[in-house]
Amino acid sequence: MKLFYVLSLSFLIFSCTDKRKEIKGIDLDPMSQKVIPVNDLSTDFSLLSQVNFQEDGDALFIHLNYFDSDPNYLFVNSLNDPEMDLVLKFEGEGPNEVGGVTDFYFHNYDSIFLIDRYRYQVSLADSSGKVLRRYRLKENDSNRPGENSVLPWVTSKSRIFLRGRYLYIPGVPDQSPYKSKYTKENLLIKMDLQTGKYTTLLGYPELYQTDDYWGNIDHVHPSLSSTDDPDLILVSYPLADLIYSLNLKTEELEPYFWMGSDHLDPPVFIDFKDNQSDKMIRYQYGTDYYFSLNYDPFRKLYWRIVYKKYDAESLDKMVNRTEAGKPNKKYMIVYDENLDRIGEFDLDSIPRFVGYDFIVLKDGPYISVTPEDVEDEKIFQRMVLE
C-alpha cells in the first residue's frame, strides 16, 4: 500500500506541468439542451441507460426502469427529436418470456439482449418482443449463488459491449471477491453468441490483492470504457489512481496511465465481518472513490468522475436513518488524447450532478439537469470547459 501511494505521489509531481492554467472550470451551456419525455411507465433515473448512434446520425437514448414490472419495458427516445417516445414490451412469462429484466444491450431493433440477472439468463429478442434465442450464464441448472458463478451487473458506468461474435457483460462474483483475496478473473463475462458458451476474464490489480476488505460494489466494481481501438478496453477501479487497459485478444490487464485526483483520500478499511452493519454504511458513504471513466471519441478526451465522501454530520444522519445528508462534492478529471492532464474541476456548477446520467454525444458531453419539480421530461445540458 505504501509503495502504491509513493508512486502516486511521484506521478502527481510529474503531472504538475499540465494545462490547468488554460482551463478555469466546467460549466453548462444552456443553449444546448436535449429533452426526452418521461411517460407514465418510465422513470427519469438512469441507473442503466445506453446511447445508440443511428446511421442517419440520430442518437437514441435507451433506458430501463430500475424496478420490476411485467411486462418489462424498454424506453427508446431520440436526443434529437423530443417527440419520439417508443416503449418496447417484453413478456415476463409465456413462450416469449424473458423473466425479470435487470440488464440490457440494444444492438439494433432486431437484436436486443435482455438479461434476468438472478436466473443467469440472457434472451435475444427483437423489438416486437419475440425471443430469438436464450443463453445461460451458469454451469448448472441451479439459480442459487455458487462459489464460481458470476451475476451480470450492468450500469451506465459499465455497459455491455459487442465485439464480433462475442458479447461482453460486466458482472460481479456471487461470492465476495474478498474471500479469494481479489485474485480471481471474473469481473467480465465473455459469451459466444454462436455456441452459447461463456468464460470470465478481468481481475483486480495488485493494489486490491491484500488482506484488506475493500468494501461493496461502489468500491470494487470497475468502470469500463471503450476506446478507438476495438480490442482495447479502459478499466477504472474505484480506489485506484491508475487507469488500466484490458486487451481483448490476450485478455491481459496492464497499467495504462495515471489519472489520480488531488482530492481523493485513501480508504480507512473495515473488517469483512462488518459488511452487514452500520460500519459498512459509514464505509460506503465515508470513503472517496472514482465513480467512472468515460472516453470521448469525438474530442479525444478522457473524463473521470470523482465522488467525495459525505461530511460527518451527513454520515450520522445516514447511519441513524433520520434524514438525507447534504450532497457530497464531486469532481471531474480531464485528460487529452496525449494523456496530458487538462485539469481537475469541481462540479459545483451542477448541484444535482448524477454520474449515471453522464453521456457523450457528438457535440459534447451531457449531464441531466432536470429540476426536482419536473416529472414528465428529462433534460440534459452540455458540459463545457471554459
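Predicted model: local features only at pLDDT ≥ 70, side-chain atom pairs only at ≥ 80, totals over all residues.
1. Two packed helices are described by the angle between their axes and the distance between the axes. Here the pair consists of helix 3, residues 278–285, and helix 4, residues 312–320. Their axes come within 10 Å and cross at roughly 140 degrees, which makes helix 3 oblique to helix 4. Angles have to be over 145 degrees to count as roughly antiparallel. The handedness of the crossing between helix 3 and helix 4 is right-handed.

2. The residues between these helices. Helix 3 contributes Asp278, Ile281, Arg282 and Tyr285, and these meet Leu315, Asp316, Met318 and Val319 of helix 4. By class, the residues of this contact comprise five nonpolar and three charged, with no polar ones.

3. Ser32. This residue belongs to strand 1, which covers residues 26–37. Two polar contacts of the Ser32 side chain deserve attention. One, at 2.9 Å, is with the side chain of Asp29; another, at 3.1 Å, is with the side chain of Arg382. When residues up to four places away in sequence are not counted, Ser32 touches Tyr366, Phe380, Gln381 and Arg382.

4. Asn52. Strand 2, residues 49–53, contains Asn52. The Asn52 side chain reaches two backbone oxygens: that of Phe106 at 3.4 Å and that of His107 at 3.4 Å. Apart from neighbours within four places in sequence, Asn52 is in contact with Asp58, Ala59, Leu60 and Ile62, as well as with Phe106 and His107.

5. Ile189. This residue is found in strand 13, which runs over residues 188–192. Setting aside residues up to four places away in sequence, Ile189 touches Leu137, Val150, Pro152, Leu167, Tyr168, Ile169, Tyr198, Thr199 and Thr200. Ile189 and Val38 are separated by 151 residues in sequence, and the distance between their C-alpha atoms is 32 Å.

Conventions:
Residues numbered from 1 in each chain as written. Heavy atoms only, no water. Axes fitted to C-alpha atoms, helices over the stretch in contact; angles between N-to-C directions. Helix = DSSP H or I, 4+ residues; strand = E, 2+ residues; numbered from the N terminus. Parallel < 35°, antiparallel > 145°, perpendicular 65-115°, else oblique. Left-handed = near helix turned anticlockwise from the far one by under 90°. Contact = heavy atoms within 4.5 Å. Nonpolar A, V, L, I, M, F, W, Y, C, P; charged D, E, K, R; others polar. Polar contact = N/O pair within 3.5 Å; in protein donor to acceptor, adjacent residues only side chain to side chain.
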